[in-house]
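Here is a briefing on a single protein chain. Please read it alongside the sequence and the model.

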Amino acid sequence: MGLGGCIILIAVGAILTFATDWDMQGVNLDLVGVIFMIVGLIGVATFSSIARRRRVVMPPTTPVVEERPHHTRDGYTDGYGA
């Protein structure tokens, strides 16, 4: 069950608990709504902990700088000379 399913369970549970006044013989809709909300909250907590573990964080790397040695011949750096 994904995050969307968990949120839907919470919403349906809240609707059954707080927004309905139906009476069904043998079924307590308030209790069913509370159970849906609890299952939805457990699902959100599980989903977020799994998503946190899957997240790969790469440590910052320092750029590699290559240093070239300076070649000089007889004091001239441009290659032209005596």
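Thr-17 is buried, at a relative accessible area of 14%. Buried means under 20% relative accessible area, exposed means over 50%, and partly exposed falls in between, with a 1.4 Å probe and protein chains only. This is a predicted model: local features need pLDDT of at least 70, side-chain atom pairs count only at pLDDT 80 or more, and totals for chains, interfaces and linings use all residues. Residues are numbered from 1 along each chain as its sequence is written, and side-chain values use heavy atoms, leaving out hydrogens and water.

**Thr-17**
- Thr-17 is a residue of helix α1.
- A polar atom of the Thr-17 side chain lies 2.8 Å from the backbone oxygen of Gly-13.
- A polar contact is a pair of N or O atoms within 3.5 Å; within protein, one must be able to donate a hydrogen and the other to accept it, and residues adjacent in sequence count only if both atoms are side-chain atoms.
- Setting aside neighbours within four places in sequence, Thr-17 is in contact with Asp-30, Gly-33, Val-34 and Met-37.
- Contact means heavy atoms within 4.5 Å.

**Buried glycines**
- Gly-13 lies in helix α1 and is buried, with a relative accessible area of 0%.
- Beyond its neighbours within four places in sequence, Gly-13 is in contact with Gly-33, Phe-36 and Met-37.
- Gly-40 belongs to helix α2 and is also buried, with a relative accessible area of 0%.
- Neighbours within four places in sequence aside, Gly-40 is in contact with Cys-6, Leu-9 and Ile-10.
- Gly-13 and Gly-40 are 27 residues apart in sequence; C-alpha to C-alpha, they are 8.6 Å apart in space.
- Gly-40 and Gly-4 are 36 residues apart in sequence, with 9.7 Å between their C-alpha atoms.

**Nonpolar patch**
- Ile-8, Val-12, Leu-31, Ile-35, Phe-36 and Val-39 make a nonpolar surface patch of about 490 Å².
- Patches are made of residues with over 30% relative accessible area and no salt bridge; like charges are joined within 9 Å, nonpolar side chains (Val, Leu, Ile, Met, Phe, Trp, Tyr) within 5 Å.
- A salt bridge is a side-chain nitrogen of Lys or Arg within 4 Å of a carboxyl oxygen of Asp or Glu.
- Helices α1 (3-19) and α2 (29-54) each supply at least two residues of the patch.
- The most comes from α2, with 4 residues.
- Phe-36 sits in helix α2 and counts as partly exposed, at 30% relative accessibility.

**Whole chain**
- The protein chain has 2 helices and 0 strands.
- Helices (H or I, at least four residues) and strands (E, at least two) are DSSP runs, numbered from the N terminus.
- Of its 82 residues, 12% count as buried.
- Among contacts with a separation of 6 or more, 50% join residues 24 or more positions apart.
- The chain exposes about 7500 Å², and carbon and sulfur atoms supply 62% of it.
- Accessible areas come from the Shrake-Rupley method with a 1.4 Å probe; for residues, only the protein chains shown count as cover.
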